[in-house]
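I opened my notebook to go through strands and helices. The structure goes in here.

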Amino acid sequence: MTKKILSTPIKDEDLEGLNVGDVVYLTGHLVTCRDVAHRRLIELKRELPVDIRGGAIFHAGPIVRKKDDGKFEMVSIGPTTSMRMEKFEREFIKQTGVKLIVGKGGMGPETMAGCKEHKAVHAIFPGGCAVLAATQVEEIERAEWQDLGMPETLWVNRVREFGPLIISIDTKGNNLIEQNKAVFNEKKKPIMDKIKSQVRFIK
Amino acid sequence: MNKDQSIQDMTDTMAKFTSYIGKRLPNDVKDKLAELRTFETNPLAKAVYTSMADNQEAADKLDRPSCQDTGVIQYFIKAGARFPLLGELEEILRNATQGATRMGPLRHNAVETFDEKNTGTNTGTNIPWLDWEIVPDDDGATIDVYMAGGGCTLPGKATVLMPGEGYEGVTDFVFDVITSRGVNACPPLLVGIGVSTSAETAARLSKRAILREVGSRNANENAALMEKLLEEGLNEVGIGPQGLTGANSVMGVNIEASARHPSTIGVAVSTGCWAHRRGKIRFKADLSYEIISHKGAVL
């Protein structure tokens, strides 16, 4: 099977055919952007120092090493829990024109609405696989808002075939993790009843 | 060896060990993941297990932290009352954390609350977090190091149930936490449960529970039964790696318990992600040491 590769800048038509559960890879630019950067843009109305229209963000706080020549080296970069950005993401997509949001775990109804309204997708990179991801970063081109410290700085990465990226929210507003959670919740009731009948230790 | 030299030696060893456990998983976790991988048929689950294995291999080869979130450093100390450096341990572990941060390198994960400033050293007010147990009439020290990452810390929850809710209520509580918040915490998880008298005692025990080996069982017959039932039940839900559905949900369920007030059942859940980075090291009084968690490890 050939790899499906997205390149930045990403166009609406690149994403329209994608469905939840599809696996893609990214070549181009991927900017780390997490809690405080979202808060600064949405709540504090500060402009992002990086133009990410048609771009991709990564919910991630990496380990970065400063080399002797003053350049930065990506040591370890895996996804962080995307749900923390749920509160901001719909407005974030609207304001920035970002097309691909990479993170870990599911996001909620606000992000689903944002993805549908503005043709964007959320994708899961396998959590904890941070060295694998670092080896797919060719270079850190810029570092903005360094006052936020290592995890929260906006690291502008040039990446090559970055993935696997599992589409978890598509442009139709489908949500893979929410679908899975509905299955889990349906399955758990009889399982719990069975367990409860065997743990009546208080008699 | 004079005392200053001893302090320096133990600090170096603990810095190296703390850095080491961020790069390589303990034997029990490694073995369990290899076993769980063989059960998967779902293509997404298989793809994720492949990424996980590739990642651990790359981390080992490139000598880098396998997950970028190297956590808040926590040390669980079981020290003999006659351990020669008992009074110096706090300072030793604080300096070891700073050493490991440079050596790893570890991500800077200590943010001073209220001031909301990252200290940049992984040390801060009461961080690294120390948990003490003193063993009378002993001169050694066993230290568990744990990297408490953000993702696997987020599901943590404690409550106090009424006795009428019983162990049935404990079952409800555990399932709710794991099937909602646990899905985002990098499953397959190691689930730690504290059953005790109040919120904080249960919470502490739930954390101790995830320091216990995967596959070990509580010595109490009923607690062991409950571990087994919850493990099988959660696996039946089929959360799979990263919540993408699959053959299993958890690496295991460990319960730690204490006696309780007749009117309360304190219960808490702590979770360890698949990249469960912990290590156990045992020092003798002469500061010679043995690494228990990672066979053949050389610091």
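Which strands of chain B does helix 4 (residues 89-103) of chain B lie across? I found strand 1 (72-80), strand 4 and strand 5 of chain B, with the helix running at about 150 degrees to strand 1 of chain B.

Notes on the source. I am working with a predicted model, where local features need pLDDT of at least 70, side-chain atom pairs count only at pLDDT 80 or more, and totals for chains, interfaces and linings use all residues. Residues are numbered from 1 along each chain as its sequence is written, chains are lettered from A and ligands numbered from 1 in the order in which they are written, and side-chain values use heavy atoms, leaving out hydrogens and water.

Terms. Helices (H or I, at least four residues) and strands (E, at least two) are DSSP runs, numbered from the N terminus. Strands pair if DSSP finds at least two bridges between them. Axes are lines fitted to C-alpha atoms, for helices over the stretch in contact, and angles run from 0 to 180 degrees between N-to-C directions.

Sheet, chain B. I read an open sheet of 5 strands, order 4-1-5-10-11, with mixed pairing. Strand 4 (129-135) and strand 11 (289-291) of chain B each have a single partner strand, so one side of each lacks a neighbour in the sheet. Strand 5 (residues 141-148) and strand 10 (residues 278-283) of chain B run antiparallel, joined by 6 bridges. B:Thr142 stands opposite B:Arg282.

Helices, chain A. The axes of helix 3 (residues 86-96) and helix 4 (residues 109-118) of chain A come within 7 Å and cross at roughly 10 degrees.

Methods. Contact means heavy atoms within 4.5 Å.
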